[in-house]
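Visitor: Hi! I have the model open and would like to talk through a few spots in it. Shall we start?

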Amino acid sequence: MAHFVDISCCGCGIWSAPVTVNASARSLRIRAHAVSLDYPSRTEQKNETKLAVVRPDRRLRDVFVDASADHGSGRATADFKKVVPSLDANPRRLLNEQLKPRRPLDHNSDKATNGAYFSKHKAECYADSLRRHCNNGKLIQACRVIDEMVLHGQVPDSKCCVRLIRGLVRTGKTNKARHVLEVMVLSGGVPDTITCNMLIARLCCEGQLSSAMKVLEDMRFTGCSPSGITFNTLIRCMCSHHMYDRAISFWKEQLKLGWPPYEMTSTLLVDLICKKCGPMRALEVLDELGLEGCQPDVVSYNTLISVSCKAGCLKNAKLILTHLSAEGLEPNGTTYCILLHSLCDKRRWSEVGDLLAHMKQANHKPDVTAYNIFINYFCRYGYLDQAIDVLEVMVNEKCFPDIVTYNTLLNAISKRGMVEEALGIFHSIRENGCQVVRITYNTLIDALAKKGEVINAMTLFDEMTVDGISPDDVTYGSLVMGFCKKNMAKEALELLNQMLALGFEVKATTFSMMIQSLCKGCNTEAAAEILRVMVSRNVNHRSAFYLSIVTRVAKSGRVKEAQILHQELVQSKVLKEASQFILSS
């Protein structure tokens, strides 16, 4: 028996056929959309002046009818009555809902909405891809992503661009870095000063000065302020290409634009001009910069004096000193020390005296640095008595010596062979509470080792470690030499092994003395091993050096040992068989 539910819609023609449910199908689970429904695909209704498209309610398609309930009295009947009988009770209800005025479909609005969604999705994809390539160090792929973003009107992330530019600069891909910076600037991004400085420095190293200047223009365009390092890099590049006038005009332009008058930039410019164009031209540049609001200071004049002294032009140095005083500036300790260095180096002692009188007249007493200059040059030229006199004057003037003073004197006294006197000064230094350094110990250990006093040298070595000062290759080298001189090859070899274990650099002369000492003790196996170490470490690539070692061993009367060493060097392909005649000679 079939159950019929007649759904009439008052002749509106929405459905023209009844909905039929067969009782024989109760044992089957069917969907409502399997029921034969005859309805138009859409209904059009005029709403005022617009045409509204109304689609029928398709909620029936999602309803399941369970025909396996208890013969229509259970869940199937209840669920089915929720849908169908309710329509029968109020047949106009669905029609009224369907015929309500609806908002017409705006196809242009849909397109705009879809376009905005896909544009946002595309931007997110590009950003993720760019970030991933930057994190993985894939610089070229990141550049390609940026190019695609530009083609599709997307703006790359500024942080990723900065990271990419730095990576490209470090790997030498300056042109790509320049391109990324241009994209970043045109997209409204603001680079940081450090990144731009890195790019400018790299471009200047490659000789691309025009590109570096364009980067500076991009910095100004985006509001990124250049620093003194920026200007210094560009000025160095200009001067390295002998564009001195352009460097001067460039810095003047920057000062006119209102950038800070960096003292280090002005000093650098004056220094480069002085080295290449002379001190007189440098003084002119100082005056020109003063007109632009960049007043020179003592540091600028000290730079000119230093350059003149190094060039041997003491006359120009004195002229600059006069110009300094004329500008109302007072020389400082650095000014006088530069002049003292130059005068002492030339041994112009009379002019040194005049300079000291000038310092006294200016009420500028020599400090410890000035006294150290005197002591250093007196010791260098062998005037040890004069150096000690300077030390006494120094103490009388209440200017206390520092460790540099004592190290200079200890070195000079030790070279004179006055080791006992040097040790006395050393102990007095420690008693006075002055902190000794590694150079102090190395000076005395070397002096004792050369004199053959290895026991005292080892005592100082132990004191050195107790004071918390680590020995270096100079310390070990001096001790090895001292033990070799005393024919104590076993102790010397032990120290040499410590050097090698600690990774210190061993001099060729230390190896040579060690080999000769081992050959004197008839320990040719150890000497041959030392030779292998020398060859493996490439201590000296000249075959003549190794041949001289063998020759010295042979001349010392150890011909058999010399032949063994020679054979070892031949097997190592350091010497040729043809060099055998040197042994017989």
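Predicted model: local features only at pLDDT ≥ 70, side-chain atom pairs only at ≥ 80, totals over all residues.

Visitor: Is threonine 443 buried or exposed?

Guide: Threonine 443 is buried, since its relative accessible area is 14% and the cut-off for buried is under 20%.

Visitor: And which residues is threonine 443 in contact with, leaving aside neighbours within four places in sequence?

Guide: With those neighbours left aside, threonine 443 touches Leu410, Asn411 and Ser414.

Visitor: Let's switch to asparagine 232. Where does it lie?

Guide: Asparagine 232 belongs to helix 9, which spans 228-240. Asparagine 232 counts as buried, at 13% relative accessibility.

Visitor: What is asparagine 232 in contact with, beyond its neighbours within four places in sequence?

Guide: Its contacts there are Met264, Thr265 and Leu268. For leucine 268, the C-alpha atom is 7.3 Å from that of asparagine 232, although the two residues are 36 apart along the chain.

Visitor: Staying with helix 9, how does helix 7 pack against it?

Guide: Helix 7, residues 193-205, packs on helix 9 at an angle of about 5°, and the axes are 10 Å apart. That angle makes the two helices roughly parallel.

Visitor: Which residues make that contact?

Guide: Helix 7 brings Thr193, Asn197, Ile200, Ala201 and Cys204, while helix 9 brings Ile229, Thr230, Thr233, Leu234 and Cys237. By class, the contact of helix 7 with helix 9 has six nonpolar, four polar and no charged residues.

Visitor: Now helix 14 and helix 15: are they roughly parallel or antiparallel?

Guide: Roughly antiparallel. The axes of helix 14 (residues 314-326) and helix 15 cross at roughly 165° and come within 11 Å. The crossing of helix 14 past helix 15 is left-handed.

Visitor: Which side chains or backbones meet there? I mean, which residues make the contact?

Guide: From helix 14 they are Leu314, Ala317 and Leu321, and from helix 15 they are Thr335, Leu339, Ser342 and Leu343. The contact of helix 14 with helix 15 divides into five nonpolar, two polar and no charged residues.

Visitor: Some cysteines came up. How many disulfides are there?

Guide: The count is zero. Take cysteine 160: the closest cysteine sulfur, in cysteine 134, is 4.7 Å from its own, which is too far for a bond, because a disulfide needs the sulfur atoms within 2.5 Å. Cysteine 239 is in no disulfide either, as its nearest cysteine sulfur, in cysteine 277, lies 7.9 Å away.

Visitor: Are cysteine 160 and cysteine 239 buried or exposed?

Guide: Cysteine 160 is buried at 4% relative accessibility, and cysteine 239 is buried at 6%.

Visitor: What about arginine 347?

Guide: Arginine 347 is not a glycine either, and has a positive phi of about 60°. Arginine 347 sits in the loop between helix 15 (333-345) and helix 16 (349-361). With a relative accessible area of 45%, arginine 347 is partly exposed.

Visitor: Thanks, that helps!

Technical notes. Residues numbered from 1 in each chain as written. Heavy atoms only, no water. Buried < 20%, exposed > 50% of the residue type's maximum accessible area, 1.4 Å probe, protein only. Helix = DSSP H or I, 4+ residues; strand = E, 2+ residues; numbered from the N terminus. Axes fitted to C-alpha atoms, helices over the stretch in contact; angles between N-to-C directions. Parallel < 35°, antiparallel > 145°, perpendicular 65-115°, else oblique. Left-handed = near helix turned anticlockwise from the far one by under 90°. Contact = heavy atoms within 4.5 Å. Nonpolar A, V, L, I, M, F, W, Y, C, P; charged D, E, K, R; others polar.
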